[in-house]
Amino acid sequence: MDKKNKEISLQAKMLRKCIQMATSEHLIGPKIKDGTLRKKVKEPQWHCPEGYSFLRIQVKKCYVEILTPPKIQSNMVVLQMHGGGYIGRMKNAYRNYAKEYADMRNGMKVYSLDYRVAPRHPYPAALHDAVAVYHLLESLGYDSGQIILAGDSAGGGLCLALCAYLRDHGKSVPAHAVLMSPWTDLTASGSSYEENYTKDPLFGNTKESMIYSGEYYAGHDPHDPYISPIFDSFKEFPRMLFQVGSIEMLLSDTLDAVAKAKEAGCKVDCTVYDGMFHEFQMANPFLPEAKKAWQEVKEFIERIKE
């Protein structure tokens, strides 16, 4: 396990302070932490970069967005699952993520799943949508070795749940996965939920946040591995790259998952970014640590042999 950025950048210190101010009780903090703003925020239309093509299609009960770069020189494809606590739909930040992935390996198609979300569509809606889009990729001729899973936060947990579901149903599991601070433990039982309770600028200092609400699993048992992958065996899981910030309440979601994956014989790379908060990768290219994280993702993906 690697640790990076023991001296955090000035930009990171400034951004962390801004997050702390925005999430304070005196401003809109409660609505940020409990997900109210995540559900209702209105964004400007995302503009597809020049030379790229963008297509949004319906697949059964969900949607998938397909970003195609100007040139495709790889037979690999990325299946991206976005974050948002299972209560927020696809946002422009994840379309920007798709652009990052599309530029890797000299050009790859990226399929970004816009899955149904709670509370209207609790578990197992998101998992069923992930399975549906995976089957779409299979129908297009992609085999498991050509599919790279990519997910952050809830999307990272959904990637792992998809792996467990495919394995349990006799399907081949994708060979590689990129997981940014995956939400693997919806029981909030990991050690960092206490250890980083006062440090986490996004979710800390309150139990009235989306990580405690239970909106996604509703009446289901949160110990179900398809909901909380930390309770899975991780057998037959992909080669994985994990990234996480050291002050996140979800830190143990990554560290415990890495330990289980290694115990199961999986090949795992994990980097803990010192002083970093949840989803710091969104601040690319403003944040030096985010630039380093995306460079690490690029190197991981470009090492894959076709």
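Below are my entries on a helix, a hairpin, the cores and some salt bridges.

**Ground rules.** I am working with a predicted model, where local features need pLDDT of at least 70, side-chain atom pairs count only at pLDDT 80 or more, and totals for chains, interfaces and linings use all residues. Residues are numbered from 1 along each chain as its sequence is written, and side-chain values use heavy atoms, with hydrogens and water left out.

**Helix 5.** I looked up residues 125-139, which form helix 5 and span 21 Å from the first C-alpha to the last, close to the expected 21 Å. That expectation is 1.5 Å times one less than the number of residues. Helices (H or I, at least four residues) and strands (E, at least two) are DSSP runs, numbered from the N terminus. I found 11 of the 15 residues in helix 5 buried, where buried means under 20% relative accessible area, exposed over 50% and partly exposed in between (1.4 Å probe, protein chains only). Among the buried ones are L127, D129 and Y134. They pack against several elements, including strand 4 (77-81) and helix 6 (154-168). After helix 5 comes G141, with a positive phi near 100°.

**Strands 2 and 3.** I checked this antiparallel pair and noted 7 bridges; two strands pair if DSSP finds at least two bridges between them. Q58 has Y63 as its bridge partner in strand 3. In the hairpin, 2 residues sit between the strands, and K60 takes a positive phi near 55°.

**Cores.** The largest nonpolar core holds 66 residues, and M81 is one of those with the most contacts inside it. Such a core is a set of buried Ala, Val, Leu, Ile, Met, Phe, Trp, Tyr and Cys residues joined through side-chain atoms within 4.5 Å. A second, separate core has 24 residues, including M90 and V297.

**Salt bridges.** I counted 12, each a side-chain nitrogen of Lys or Arg within 4 Å of a carboxyl oxygen of Asp or Glu. R56 and D114 meet at 3.0 Å, N to O. R56 lies in strand 2 and D114 in strand 5, so this pair ties together parts 58 residues apart in sequence. Is D114 buried or exposed? It is buried, at 4% relative accessible area, while R56 is partly exposed at 36%. R89 also bridges to D114, with the closest N and O atoms 2.9 Å apart. I then found E65 and R95 joined at 2.8 Å, N to O.

Technical notes. Contact = heavy atoms within 4.5 Å.
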